[in-house]
Amino acid sequence: MRVRIQASTIKGKLTPPSSKSMMQRALAAAMLAKGTSIIHNPCKCEDAEAATDIIQRMGSEVNKQDTALQVISSEGVAPEIINVGESGLSLRMFSPIVALNPAKTEINGRGSILKRPIHNILEGLENLGIECENTGKGFLPIQLQSGYKSNFAKIDGSLGSQFLTGLLMALPCRAEDTTLKVNNLKSIPYINMTIDLLKDFGIEITHEDYKTFAIKGNQKYKPTEYTIEADWSSAAPLLVAGAIKGSVSLEHMNQNSYQADKEILTALKKCGASIKWEGNTLSVEKKGLNAFDFDATHCPDLFPPLVALAANCNGETRIKGVHRLEHKESNRGIVLQKEFAKLGVPIRIEEDEMIIPGGRLRGGLANSNNDHRIAMALAVAGLSSLNPVEIGQHECVAKSYPDFFTDLRKIGGGVAQFYFKSQFV
Ligand SMILES: O=C(O)C1=C[C@@H](OP(=O)(O)O)[C@@H](O)[C@H](O)C1
Ligand SMILES: C=C(OP(=O)(O)O)C(=O)O
C-alpha cells in the first residue's frame with residue numbers, strides 16, 4: 001500500500017488519540033500496584049499493545065471495559081521472555097522493572113527497535129549489580145538476572161530519558177534506598193511526566209536539578225484510577241496542518257500538561273499562526289507564516305512536524321537538537337533531509353542545527369522509512385505541495401496513531417490509499 005496526499009484545505013474538529021507515553025507508564029504502574037487499577041481513555045496503538053502484552057506476561061490481568069482498561073495485579077511472575085515490539089519506551093522502561101526479579105528474563109523486540117543501541121541500558125543496569133548477557137552485542141536481545149545489588153549508579157542521560165523513567169519506576173520497589181547521579185539529561189519534560197504519574201500511584205521521587213535522584217526504597221504502589229490525556233505528540237501534525245492550510249480545532253487538550261510536545265504551541269506562536277483556547281478546545285488557524293528558531297533538544301519528537309511547518313514559512317527556519325534524532329525509529333535527521341529533498345526542500349544540517357528553507361514544496365515520491373512521525377510529517381507536507389506527495393510504508397503510523405490518515409481525511413485532507421507493487425520509493 002501507498003498513500004497519496006493532495007493539496008487541500010483543512011477545516012474541522014477532532015480529538016487526538018490518547019498519549020502513548022502516559023499509557024505505557026500507567027500500564028507499568030498499574031502492574032506494580034497490587035490490586036485493581038482502572039485506566040480511563042486508554043491509548044490504542046501498537047506501542048500500547050506491546051506494553052499491555054508485557055504486563056500480562058508479568059502476571060497482570062487486563063480487562064477491556066467501555067472506555068477504560070481494568071488492570072488486576074497480584075503477585076508478579078518473571079516471564080522467560082518479553083517482547084517490546086518496536087517501542088523504545090517499553091524497552092527502556094520495562095528493563096529496570098523486569099530486573100527487580102532475580103530470575104532470568106530475555107528482552108527482545110522487532111523491526112526498528114533491533115537497530116537501536118542499548119549500551120546505556122546495559123551500563124546502567126550493570127552499575128546497579130544486575131547480571132546482563134547481551135547476545136545481540138550492543139543491540140537486542142538482552143538477558144537480565146540476579147536482581148539489584150548496588151545502591152548507587154552513574155547514569156548517562158545524554159541519549160534520552162526513557163531508561164531513567166524505568167529506573168524511577170522500579171527502584172522504589174527495592175528494599176534499599178538508591179542514589180542515581182545523572183549526567184547531561186535530555187528530554188527532561190518526560191521525567192516530569194513520570195514523577196507526576198508516580199505521585200498518583202503513591203510513589204514519591206525527589207531530585208536535585210535532575211542531577212541527583214535519591215530514591216527511597218520500600219515504597220508501595222497503590223492501585224488507582226488514572227485518566228490518559230490526549231496526546232500532544234499526535235496533535236502536533238494536526239495543528240501544523242491547520243496552521244499551513246486552513247484551521248483545525250482539537251478537543252480535550254490539557255493546557256497544563258507535562259507532555260514535552262505541548263511545546264508545539266511555542267513554535268506555532270513564533271511563526272505567527274493564530275492560536276485560540278476555549279476551555280479544553282484548542283484552535284489553530286493559518287496566517288502569514290514566517291521562519292522561526294526553535295530548540296527541540298528536550299522535545300525531539302516534534303522535529304518531523306516542525307520540518308513540515310518550516311517548509312511552509314517564509315524564510316529559513318533553524319531547529320536545534322538534531323543529535324537527539326539519531327536513535328529514534330529511524331535516523332530522523334538524515335531521513336528528514338533525504339525525504340524532504342525528494343519533495344523539493346533542500347534541508348541543511350550544520351552540527352546540531354537543521355536549517356529548512358520555506359516555500360519550496362513541489363511534491364513527489366517519498367518513503368516513511370518505517371517511521372510513524374516521518375510518515376505523518378510527509379503527509380502534512382502534501383497538503384500544501386504543488387503536486388501530490390506519495391508515501392511508501394505509511395502503515396507504520398499504527399505505532400502511535402493508527403487512525404491518522406482517516407482523521408486527516410475527516411478534516412479535509414485529500415488522502416487516497418492504493419495498492420502499489422513495491423513499498424520502496
Ligand atoms: O518517555 C517517553 O515517553 C518518551 C521519551 C522520548 O525519548 P528520549 O527520552 O529517548 O528522548 C521520546 O522521544 C519518546 O517518543 C517518548
Ligand atoms: C521515539 C518514539 O518512541 P519510542 O522511543 O518510545 O519508540 C516516538 O514515538 O517518536
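Ligand 2 sits in a shell made up of Ser87, Gly88, Leu89, Asp301, Lys328, Glu329, Arg373 and Ser400; a residue is near a molecule if its C-beta atom, placed from the backbone, lies within 6 Å of it. This is a predicted model, where local features need pLDDT of at least 70, side-chain atom pairs count only at pLDDT 80 or more, and totals for chains, interfaces and linings use all residues. Residues are numbered from 1 along each chain as its sequence is written, while chains are lettered from A and ligands numbered from 1 in the order in which they are written.

By type, that shell splits into four charged, three polar and one nonpolar residue (Asp, Glu, Lys and Arg count as charged; Ala, Val, Leu, Ile, Met, Phe, Trp, Tyr, Cys and Pro as nonpolar; the others, Gly among them, as polar). Ligand 2 lies between domain 1 (2-17 + 230-418) and domain 2 (20-214), because both give residues to its shell; the bounds come from an automatic or database domain assignment.

Now for Ser400. Ser400 is buried, since 25 other C-beta atoms lie within 10 Å (20 or more is buried, 12 or fewer exposed, in between partly exposed, with C-beta atoms placed from the backbone). From Ser87, Ser400 is 313 residues away in sequence but 9.7 Å away in space, C-alpha to C-alpha.

Here are the contacts of two residues (C-beta atoms, placed from the backbone, within 7 Å), leaving out residues up to four places away in sequence.

| Residue | Touches (C-beta atoms within 7 Å) |
|---|---|
| Ser400 | Lys20, Cys45, Asp47, Ser233, Ser234, His372 |
| Leu309 | Val240, Ala243, Ile244, Ala267, Cys271 |
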